[in-house]
Amino acid sequence: MSKRKRFDLPYLGFDNKEGDFHIIYGEKGEASVVFKITNNIVQYSADPELYENFHNSLLSVVKIVGEGHFVQKLDIFSNNEFFEDISEEYLQKAYDKHFNGRIYRSIITYLVITRKPRTSTYIYSKTADDEFRRKLTKVEQALSEAKFSPVPLKDFEIDEVVRRTLMMDFVSPVISMDNLMTANSHLTIGERRIKSISLVDIDKIDLPEVVSPYLEKNDQSSMRGFPVDTMGFLHSIKGYETLIYNQVIDIPYQTKVLQKLELKQNRHEAIPDPQNTFSAHDISNLLADVARESQLIVNAHFNIVVSAKPDDLTRTVNSIENALFAQKITINHNGYNQLELFRSILVGNAVELKEYDWFMTTSDAALCFFFKEALPVSDSSQFFLRFTDRQGIPIKIDPSDLPKETGRIDNRNKFVLGPSGSGKSFVMNAFVEQYMLYNYDIVIVDTGDSYSGTCSYYKGKYITYTEEKPITMNPFKMNREEYNLEKKDFLITLTGLLWKGADGNLSQVERDVLTNVVTSYYDNFFNQKDRNWSEALTIFQMENFLKDYGISTNILLESARLKLIGSKNDISDHYSVLKVDRLASQEEIKRQFRKLSILYHPDVSTNENIVESTDLFIALKKAYEVLSDEDKREEYDRIIKVDQLSKELFEGHYENAEDTDLMKLYREELLKRIDDLLEELKISRLCFDTFYEYSQRRIPTIIEKAHIHFDFDEYIFVLEKFYKGGEFDMILNEDADKSLFDERFIVFEIDNIKEHKILFPIVTLIIMDVFIQKMRLRKYQRKALIIEEAWKAIASPMMGNYIKYLYKTVRKFYGEAIVVTQELKDIIGNEVVKDSIISNSDSMLLLDQRKFKDNFDEISDLLGFNEVDRRKIFTINRLENKEGRGRFKEFYFRIGDRGDVYGNEVSLLQYLTYTTEKPEKNAVETYTKYFGSYPGGLDKFVVSLKKSTFELPLFVQFVNLYGDVLSDEVLNEIIKLEKEHRSNTLNWIKRKLSAQEISFKSFIDNKIIKYEEVNF
């Protein structure tokens, strides 16, 4: 009959003052406070500096606590069963079912500060109590500053920790106490065995000569050189149900310890013996380190307690022993004190550890053996996407809202890079599917039919470019509110693209000319001018308006002058001919004529040129006839005055001319010409055709006025193909389908023109513009533009400004732009990618980069990755974390200044929706079309797949070979064939069908007894 003994807890009770630390007192008078903390280094952080910071933070805590205290850290590993509430949405429900029930590892961490009793008899001291609380406050502050998120536990929480420790169960919702039985090598709780493993054999102290807060992997795996926790092997231990790593530091009174050490050193030196010499040397080094670096001498204890089923315990203990041995640590195999070691893991009960459980070292060295890592946790946000952590458990990541609110990112844009086959489109399908749950508007420009399944599932619009039905848009159509500097820049870029091509470039002069044309085109349309507008202008404004369009106002002024003075185009200056003043009297005019007649008459003139003398005399005679007659002279003076005024007007002098008859006629001429011009410039409809016509009229005047070189003939000739009657006249002149602006999910598949040098960039650009218009119309919707390999069409210098505009604009409208590429050469050395796309993408998503390893330095520099990023990236798909999981691929996702590796693992239904494999897509579409919906078709597809017991690739081949859904009867016949011919079935079928010259469907149908209807 076994002896029964009461297991007494080593506690007296609590001091649980409201608003203060809840202190638990032990039997010997020790006082403890328990903090629940989170280790501030996430597993696979790849940053050695974090381990150093952790080490220094806990070193500060030890120094704050000081002499006469224990610092105990408990890291509790448990195996849990994952469970998520089942979603209502079809694919998300499949996702939840896929993961629910999966076993995963969790870690809970407690830090216990214990004040040791000064004497064997406890005496309360308020001074000592207050001092202890002050230290606890400082500890809490230090932990908070180091981002350990400390939470002091209340009395009932401490009680629960104690009870769960006793049962080695931190998972069950209800704690069920059971008997604890002791044996020589282990303890037993119910059906589980408990084993305590002390890391250090006090008699040998087999530890490495040099210790560090972290280790660097030195194996030949992908993680070579990767920094990991010194005790990081605990992550990979299997077979346990609960594992507790107990780490304790005892801080003795330093003066006494130093005296004992010096005394011990002297004793060793006094006895000449090699062993004593070594011991004295070790003590000397220790004392030197303590003096030089102000270190504390501590007693340390490390103990791993494992709870496992009997069959698993030995394997688990061996794994721990082997991992420690690899680090040159030999465990203590003495197992006689199992119960003592187990009791020591109770919070605040380090006081029960015996002298043989401790080894002396410095605080720096002891803290190197503290466990430092935590597992990733979900973001606390209402907006999140679900991917998996590296052990295969769903984790919620907020890539947008929370990072933006905390300043981690300024925009939501993303850049995605991964070689062919790495899973880019698959992970983007996962993004899209989850984005749609948040009422996103999504526009995708694709060249590989990657999103047809997801688009069909969400009943989106899938638009494919064909010559018979090209994608048509009218990017020139907009209202006044939409017309702004950014939109104008887009149209300038588009026009330049039409003219110069994707690889061309606009000179500054050419860009300025196009800017002028676009500006005046919309100014004329939005400000259609009429007669009232013209009449409100001054003469000067009217002249400038006409001159701006190359119309000479001198002609109009001459016309006004002629109307006023008649048809007399040649008006001689009679006063000058007679050489008299304009105010000369009639008598003066007569005298001057007689005088000059004698001088210039041909018969008496001394001029040798008879013709010249005759002309002068005729002019003299004509002048006298006009000026000697009062009426004729008055009419002549009026004409002279008009002519002089017109000269002044030619020179721009209007101040004394506004009310003259000439000016009135001139104003009418200006108004008439402006009316004609306005009619010429009238734009009936905003589209490329009217823009082309307008630019034909406008550009020559700009060239002439500015005296610049602009190849107008080339411009008109090249753009003519997009004008009415041209080869591509539909593309830019037909309004987009208005229903697009209400569609939440649109895929533009332009694979058919990806090699077309003219259309590919143009169509891509106008699709992007459709997104922007949609973006402006639906301001309060989340929205995303995803550009797959089509982005290459617009990654030219000419497009740089527009892409910057797109990226900056989408940020203002609750949206994001995502560019996806697989070609290394496309990003290295491409200035548009660097300056426009990458510079404006605060988030980077990289898939497996092994194919790029030789060139990754260039990628790293371009994307701004540091050494920590690089280490993480090259662990993608390289860990031994495949067991018990479905198919998945990993990716590195950097949001702002930091990133981590996640897994894209989905349910079978999601896989079938996302798949980019043509045979799988065809087989799925066969079912979804037949059953009229994606959910209905997928359900039947999976039912048939499970009935067949075939692997997915084989089942897909049979569906495609048959060309229809596989009814039960058909499936039974195929299963029979498979059993008959085993792995050679498909080859046998192909030979059979070739010989009989029939289809597989006919072959199978002929084998089935006649039936009228297929029942599912």
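Helices (H or I, at least four residues) and strands (E, at least two) are DSSP runs, numbered from the N terminus. With that in hand, here is the count: the chain has 37 helices and 27 strands. Its radius of gyration, taken over C-alpha atoms, is 46 Å.

Two notes before we go on. This is a predicted model, where local features need pLDDT of at least 70 and side-chain atom pairs count only at pLDDT 80 or more, while totals for chains, interfaces and linings use all residues. Residues are numbered from 1 along each chain as its sequence is written, and side-chain values use heavy atoms, with hydrogens and water left out.

Now the whole chain. Along the principal axes, its C-alpha atoms fill a box of roughly 165 × 95 × 55 Å. How much of the chain is buried? Buried residues make up 53% of the 1016 residues. Buried means under 20% relative accessible area, exposed means over 50%, and partly exposed is in between (1.4 Å probe, protein chains only). The chain exposes about 48,900 Å², and carbon and sulfur atoms supply 49% of that area. Those areas come from the Shrake-Rupley method with a 1.4 Å probe; for residues, only the protein chains shown count as cover.

Next, contacts, meaning heavy atoms within 4.5 Å. Take contacts between residues at least 6 apart in sequence: 75% of them join residues at least 24 apart. Here is a pair of that kind of separation, by C-alpha atoms. Ala 142 and Ser 60 are 82 residues apart along the chain, yet their C-alpha atoms are separated by 7.7 Å. Ala 142 lies in helix H3 (residues 126-145). Ala 142 is buried, at a relative accessible area of 19%.

On to charges. Lys and Arg count as positive, Asp and Glu as negative; His and the chain ends are not counted. The chain has 135 positive and 161 negative charges, and their mean positions are 4 Å apart. The place of a charge is NZ of Lys, CZ of Arg, CG of Asp or CD of Glu.

How many salt bridges are there? A search of the whole structure finds 47. A salt bridge here is a side-chain nitrogen of Lys or Arg within 4 Å of a carboxyl oxygen of Asp or Glu.

Start with Arg 102 and Glu 905. Their side chains meet in a salt bridge, 2.7 Å from N to O. This pair links distant parts of the chain, 803 residues apart. Arg 102 sits in the loop between helix H2 (90-99) and strand E6 (103-115), and Glu 905 sits in strand E27 (residues 898-905). Both Arg 102 and Glu 905 are buried.

Two other pairs sit within a helix. Arg 163 bridges to Asp 159, with the closest N and O atoms 3.2 Å apart. Why are the two about one helical turn apart? Because they are 4 residues apart in helix H4 (residues 155-167). Arg 163 is partly exposed at 31%, and Asp 159 is partly exposed at 34%.

Then Lys 1001 and Asp 1005. Their closest N and O atoms are 3.1 Å apart, and they form a salt bridge. They are 4 residues apart in helix H37 (residues 1000-1007), so about one helical turn separates them. Lys 1001 is partly exposed at 30%; Asp 1005 is partly exposed at 25%.

Salt bridges link Asp 15, Asp 20, Asp 129 and Arg 133.

Now a charge without a partner. Glu 920, in helix H32 (residues 918-931), is buried yet has no salt bridge. The nearest side chain of opposite charge is Arg 887, 4.6 Å away. What does Glu 920 touch? Leaving out residues up to four places away in sequence, Glu 920 touches Tyr 911, Thr 915, Leu 952 and Val 956.

Last, the backbone. Most residues other than glycine have a negative phi. Tyr 44 has a positive phi, near 65°. Tyr 44 lies in the loop between strand E4 (41-42) and helix H1 (48-65), and is partly exposed at 22%. Asn 877 also has a positive phi, about 60°. Asn 877 is in the loop between helix H30 (867-873) and strand E26 (888-895). At 17% relative accessibility, Asn 877 counts as buried.

Technical notes
The radius of gyration is taken over C-alpha atoms; the globule rule is 2.2 Å times the number of residues to the power 0.38.
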